[in-house]
Amino acid sequence: MKNTVVIGAQWGDEGKAKITDLLAEHADIIMRYQGGCNAGHTVVAGGKTYKFHMIPSGILYDKAICFIGAGTVIHPESFERELNELKSEGVNFRNLKISPLASITMPYHIEIDGYTEAHAGKGKIGTTKKGIGPTYSDKYARIGLKIQDLYSYEALSEKLDIILPLKNKILKNVYGFEPYTKECIISLCEKYAELFKPYVCFDWQDLLNRYKDRTILFEGAQGVMLDVDYGTYPFVTSSSPIGGGAAVGSGYGPSVINEVVGVSKAYVTRVGEGPFVTELTDEIGGKIRDIGHEFGVTTGRPRRCGWFDAVIMRYAVLVGGITKVALTKIDVFDDFDEIKICTAYKDCRNDKVYTSYPTDVFIHKYLEPIYETMPGWKTSLSDIRRYEDLPENAKKYIAKVEDLIGAPIGIISVGPDREQTIFADSI
Ligand code: GDP
Ligand code: IMO
Ligand code: MG
């Protein structure tokens with residue numbers, strides 16, 4: 001396998017974890033490079049379902065190193081919960097490593113996330129309330145804490161003397177929260193230091209050098225349309241889920257990357273607020289949600305559902321650097337008479353047609369999808385393992401999507417299980 005980045009090509013929950021888990025069999029190191037426990041990743045293997053948030057989905061294979069990179073944000077309490085849940089499922093963490101440069105989500109980040117959402121009115125983003133935005137804000141404002149700070153009392157103390165007076169002023173005067181004492185933060189940090197100790201990889205430079213010529217798999221979280229630069233801003237997350245994010249957040253630069261697999265559902269879902277041109281608020285959307293079990297792994301919220309959108313997919317191929325597509329959940333359409341694909345948008349104010357993605361999301365309320373309708377196949381795809389065995393109408397649907405998006409479809413997923421996969425060619 002080539003060194004591969006797996007990214008979401010839509011608004012998250014595309015089935016990235018299933019694809020990462022599949023490819024992880026051939027990888028020597030698997031790297032999470034952005035995001036935090038806002039992610040909810042599901043892997044179904046050997047009849048068991050595993051849920052991941054922060055831990056790379058490749059952890060189910062014994063041999064590969066799983067590395068949580070510098071571009072991530074880690075909420076210690078959520079990390080501990082995830083670890084314990086997975087341990088009780090029999091997962092072992094011998095190969096788990098955490099970059100000392102990863103950022104820490106502190107309790108006040110979670111409080112601020114909740115407060116901001118509650119007071120944002122129409123600007124509410126519908127975040128996962130995991131403190132993601134406030135943690136990244138502090139990181140970029142250069143007042144964040146990193147994992148390495150937990151292991152040097154002197155550095156931590158010096159840093160807190162700078163950070164805390166400022167942070168406390170903001171917490172008290174802007175949000176009306178109780179300020180944190182230095183002692184309280186230090187005692188939290190002592191607890192966090194114990195928690196992370198078995199996994200912190202201080203010799204990460206040696207590790208990455210040793211694995212540079214082996215097979216590297218990068219696991220993205222969220223999706224291109226949630227990217228802080230390229231997504232439906234401001235209705236986005238605060239990190240860079242595009243392929244390029246792997247080169248920033250992992251510790252390897254761009255030159256090691258050979259392939260970017262963009263994972264896309266055969267339809268589109270979104271959780272939280274923000275524009276969604278092909279959203280279906282009728283019974284068809286409900287049917288997709290029911291058959292596809294479209295409820296969030298992290299928050300349990302029902303996902304908004306809509307038809308496949310080739311406009312955002314073409315955009316994702318460009319800005320995500322996607323070289324190959326994994327098309328998932330095509331089996332959800334097994335019982336549909338017809339399936340629609342959005343090929344372009346029309347502005348209902350002036351009939352202007354957009355075939356490229358309009359980045360000003362405040363005009364999206366005026367956009368209507370232009371659809372092409374394809375016939376369904378009315379048979380179950382879930383036991384099919386070879387492309388040749390797919391019904392003609394499913395092949396036509398896949399060919400149409402491929403034609404519209406400008407990237408080859410290399411993997412077709414026909415069910416949640418590892419086995420329920422068709423490799424159109426070998427990745
Ligand atoms: P991720 O965040 O991109 O890893 O995706 P999630 O795990 O949040 O959501 C994808 C859901 O779809 C999970 O419940 C998967 O088990 C499931 N899934 C993945 N691929 C397929 C597929 O091809 N067909 C069906 N029916 N379910 C799938
Ligand atoms: P995975 O990795 C779907 C969405 C939230 C919200 C916006 C900002 O499972 O695909 P945040 O908490 O990040 O500040 O929320 O981003 N969001 C996701 N939606 N899948 C995810 O992750 C998401 N992570 C964040 O719903 O709209
Ligand atoms: Mg998810």
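On a 1 Å grid over the protein atoms alone, a pocket is an open set of points with protein on both sides within 12 Å along at least five of seven lines, whereas a cavity is a set where a 1.4 Å probe fits but cannot get out. A molecule sits in one of these if more than half of its atoms lie within 2 Å of its grid points. By these criteria the space taken by ligand 1 is the second largest pocket, and the space taken by ligand 2 is the largest pocket.

This is a predicted model, in which local features need pLDDT of at least 70 and side-chain atom pairs count only at pLDDT 80 or more, while totals for chains, interfaces and linings use all residues. Residues are numbered from 1 along each chain as its sequence is written, chains are lettered from A and ligands numbered from 1 in the order in which they are written, and side-chain values use heavy atoms, with hydrogens and water left out.

**Ligand 1**

- The shell around ligand 1 holds 19 residues, of which K16, G40, T42, D331 and S413 come nearest; a residue counts as near if one of its heavy atoms lies within 4 Å.
- By class, the shell around ligand 1 has five nonpolar, seven polar and seven charged residues; Asp, Glu, Lys and Arg count as charged, and Gly is among the polar ones.
- Ligand 1 lies between domain 1 (4–102 + 200–259) and domain 3 (265–426), because both give residues to its shell; the bounds come from an automatic or database domain assignment.

**Ligand 2**

- Ligand 2 is surrounded by 21 residues, the closest being D13, K16, H41, T128 and T237.
- Oxygen atoms of ligand 2 lie 2.9 Å from a side-chain N or O atom of N38, 3.3 Å from a backbone N or O atom of G126, and 2.9 Å from a polar side-chain atom of R301.
- Of the 550 Å² that ligand 2 exposes when taken alone, the protein buries 98%.
- The shell around ligand 2 divides into eight nonpolar, ten polar and three charged residues.

**Backbone geometry**

- The peptide bond from Y233 to P234 is cis, with omega near 10 degrees, and P234 is placed in the loop between β9 (216–219) and α8 (244–249).
- H293, a residue other than glycine, has a positive phi near 50 degrees and belongs to the loop between α9 (283–292) and β12 (304–309).

Definitions and conventions. On a 1 Å grid over the protein atoms alone, a cavity is a set of points where a 1.4 Å probe fits but cannot get out, and a pocket is an open set with protein on both sides within 12 Å along at least five of seven lines; lining residues have an atom within 4 Å of a point. A polar contact is a pair of N or O atoms within 3.5 Å; within protein, one must be able to donate a hydrogen and the other to accept it, and residues adjacent in sequence count only if both atoms are side-chain atoms. Accessible areas come from the Shrake-Rupley method with a 1.4 Å probe; for residues, only the protein chains shown count as cover. Helices (H or I, at least four residues) and strands (E, at least two) are DSSP runs, numbered from the N terminus.
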